[in-house]
Amino acid sequence: MNIKLLAIGKTDNKSLQTLIDDYTKRLSFYIKFDLEVIPDIKNVKNLSESQQKEKEGELILSKLSATDQLILLDENGKTFSSVGFSEELQKKMNSGVKTLVFVIGGPYGFSETVYKKAQGKVSLSLMTFSHQMVRLFFIEQLYRGFTILRNEPYHHQ
């Protein structure tokens, strides 16, 4: 299985980017993982919130192939413990999913079209985090999930 994380807008905090790069490298020992950044929409001042979500949605959907399974990182998604998330990853691998695509949306969330295309939603927390921090937290949780599946000592219960 391949895992892809799509995110709107670049990470401009060098410290966060260094940590994202570190966990991306660690994760590569377990699975093929790609972080793809979709550039910010230009001239957002001239767009309504819904127009911005629609334009971002078009860009997100253009990055998907027909067989990809789309999971949105969304505040209204299902919450997991780290062990529960690792079990969910295992289920996806066992079910033969070829590419699992997680998406971090823009500042206003996702368009209705993206919600309709998604096969699930995951919430990392009830708290709100910056989109840049969510990338780090999510990639770290992916890494943690694979260390749990391999019974490695990274995660302590």
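Helix α5 runs for 19 residues and spans 27 Å from its first C-alpha to its last, close to the 27 Å expected at 1.5 Å a residue. That expected span is 1.5 Å times one less than the number of residues in the helix. Helices here are DSSP runs of H or I with at least four residues, strands are runs of E with at least two, and both are numbered from the N terminus.

Some ground rules: this is a predicted model, where local features need pLDDT of at least 70, side-chain atom pairs count only at pLDDT 80 or more, and totals for chains, interfaces and linings use all residues. Residues are numbered from 1 along each chain as its sequence is written, and side-chain values use heavy atoms, with hydrogens and water left out.

**Helix α5 and what follows**

- Most of α5 is covered, with 14 of its 19 residues buried; buried means under 20% relative accessible area, exposed means over 50%, and partly exposed is in between (1.4 Å probe, protein chains only).
- N151 sits in the segment after α5, and it has a positive phi of about 55° although it is not a glycine.
- As background, most residues other than glycine have a negative phi.
- N151 counts as exposed because its relative accessible area is 70%.

**The nonpolar cores**

- The largest nonpolar core holds 26 residues, and I3, F102 and L142 have the most contacts inside it.
- Its contributors of at least two residues each are β1 (2-8), α1 (14-27), β3 (69-79), α3 (82-94), β4 (99-104) and α5 (131-149).
- Helix α5 gives the most to this core, at seven residues.
- Apart from that core lies another one of 12 residues, including L6, L72, V101 and F110.
- A nonpolar core, by the rule used here, is a set of buried Ala, Val, Leu, Ile, Met, Phe, Trp, Tyr and Cys residues joined through side-chain atoms within 4.5 Å.
- Setting aside neighbours within four places in sequence, I3 is in contact (heavy atoms within 4.5 Å) with I31, K32, F33, D34, L89, L100, F102, L142 and F146.

**A loop residue**

- T67 is in the loop between α2 (49-62) and β3, and it counts as exposed because its relative accessibility is 57%.
- From T67 to L100 is 33 residues in sequence, while their C-alpha atoms are 9.2 Å apart in space.

**The two largest pockets**

- A pocket is an open set of points on a 1 Å grid over the protein atoms alone, where a 1.4 Å probe fits, with protein on both sides within 12 Å along at least five of seven lines; lining residues have an atom within 4 Å of a point.
- The largest pocket has about 440 Å³ of space, a volume being the space filled by probe spheres set on grid points joined across faces, edges and corners.
- Its lining has 21 residues, with L73, D74, E75, F129 and H131 nearest the centre.
- Strand β3 gives the most to this lining, with four residues.
- By class, the lining of the largest pocket has 11 nonpolar, eight polar and two charged residues; Ala, Val, Leu, Ile, Met, Phe, Trp, Tyr, Cys and Pro count as nonpolar, Asp, Glu, Lys and Arg as charged, and the others, Gly among them, as polar.
- The second largest pocket has about 210 Å³ of space, and of its 15 lining residues, I8, G9, K10, D40 and P107 are closest to the centre.
- Helix α5 turns up here too, with three residues, the largest share of the lining of the second largest pocket.
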